[in-house]
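Please look at the sequence and the model below before reading on, and keep both in view as the report moves from the whole chain to single residues.

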Amino acid sequence: MFQNRSGKRMSTDGVRYHIKKIMMLSGIDKYKEITPHSFRRTFATHCSNKRLSPFFIKDLMGHSDIKTT
């Protein structure tokens, strides 16, 4: 979903860096609590709230087992 400057997949650390930078520039104090994983969880929660199939959410999240989702 996110690309780095060379057009390749952005690493988790790269995403974390940009999240931290945006939070600091926005004046949000709790930037340390916001992580790439919290975005993943929020995305999955929103999908669930929209009543998407748990099996579809599992595939979107890249999980191999529905129990993980």
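The report that follows treats the overall chain, then its helices, and then its salt bridges.

This is a predicted model, in which local features need a pLDDT of at least 70 and side-chain atom pairs count only at pLDDT 80 or more, while totals for chains, interfaces and linings use all residues. Residues are numbered from 1 along each chain as its sequence is written, and side-chain values use heavy atoms, with hydrogens and water left out.

## The chain as a whole

The protein chain has three helices and zero strands, where helices (H or I, at least four residues) and strands (E, at least two) are DSSP runs numbered from the N terminus. Read from the N terminus on, the order of elements is therefore α-α-α.

How does the radius of gyration of the chain compare with that of a compact globule of 69 residues? The globule would have a value near 11 Å, but the protein chain has 14 Å; the radius is taken over C-alpha atoms, and the globule rule is 2.2 Å times the number of residues to the power 0.38. Along its principal axes, the C-alpha trace spans about 35 × 30 × 20 Å.

Of the 69 residues in the protein chain, 19% are buried, a word that here means under 20% relative accessible area, whereas exposed means over 50% and partly exposed lies in between (1.4 Å probe, protein chains only). The accessible surface of the protein chain comes to about 6,200 Å², and 55% of this belongs to carbon and sulfur atoms; such areas come from the Shrake-Rupley method with a 1.4 Å probe, and for residues only the protein chains shown count as cover. Among contacts between residues at least 6 apart in sequence, 3% join residues at least 24 apart, a contact being heavy atoms within 4.5 Å.

## Helix 1

The buried residues of helix 1 are G14, V15, I19 and M23. Around the axis they cover an arc of only 165°, which puts them on the same side of helix 1, the arc being that of the directions from the helix axis to the C-beta atoms. These buried residues pack against helix 2, while on the other side of helix 1 the residues D13 and L25 are exposed.

One of the buried residues, G14, has a relative accessible area of 18%. The C-alpha atoms of G14 and F2, twelve residues apart along the chain, are separated by 9.4 Å. Helix 1 is followed by G27, whose phi is positive, near 80°.

## Helix 2

Helix 2 consists of 14 residues (residues 36-49), which at 1.5 Å a residue should span 20 Å, and its end C-alpha atoms are 20 Å apart, in agreement. Which residues of helix 2 are buried? They are P36, A44 and C47. Seen down the axis of helix 2, the buried residues fall within an arc of 80°, so they line one face of the helix. They pack against helix 1 (12-26) and helix 3 (54-61), whereas the face turned away from the buried side carries the exposed residues R41 and N49. Just after helix 2, R51 takes a positive phi of about 65°.

The structure holds two salt bridges, each defined as a side-chain nitrogen of Lys or Arg within 4 Å of a carboxyl oxygen of Asp or Glu.

| Salt bridge | Distance, N to O |
|---|---|
| R16 and D13 | 3.0 Å |
| D59 and K58 | 3.1 Å |

Being three residues apart in helix 1, R16 and D13 are separated by about one helical turn. An α-helix has 3.6 residues a turn, so residues three or four places apart point the same way. R16 is partly exposed, with a relative accessible area of 38%, and D13 counts as exposed at 56%.

K58 lies in helix 3 and, not counting residues up to four places away in sequence, touches H63, S64, D65, I66 and T69.

Methods
The expected span of a helix is 1.5 Å times one less than its number of residues.
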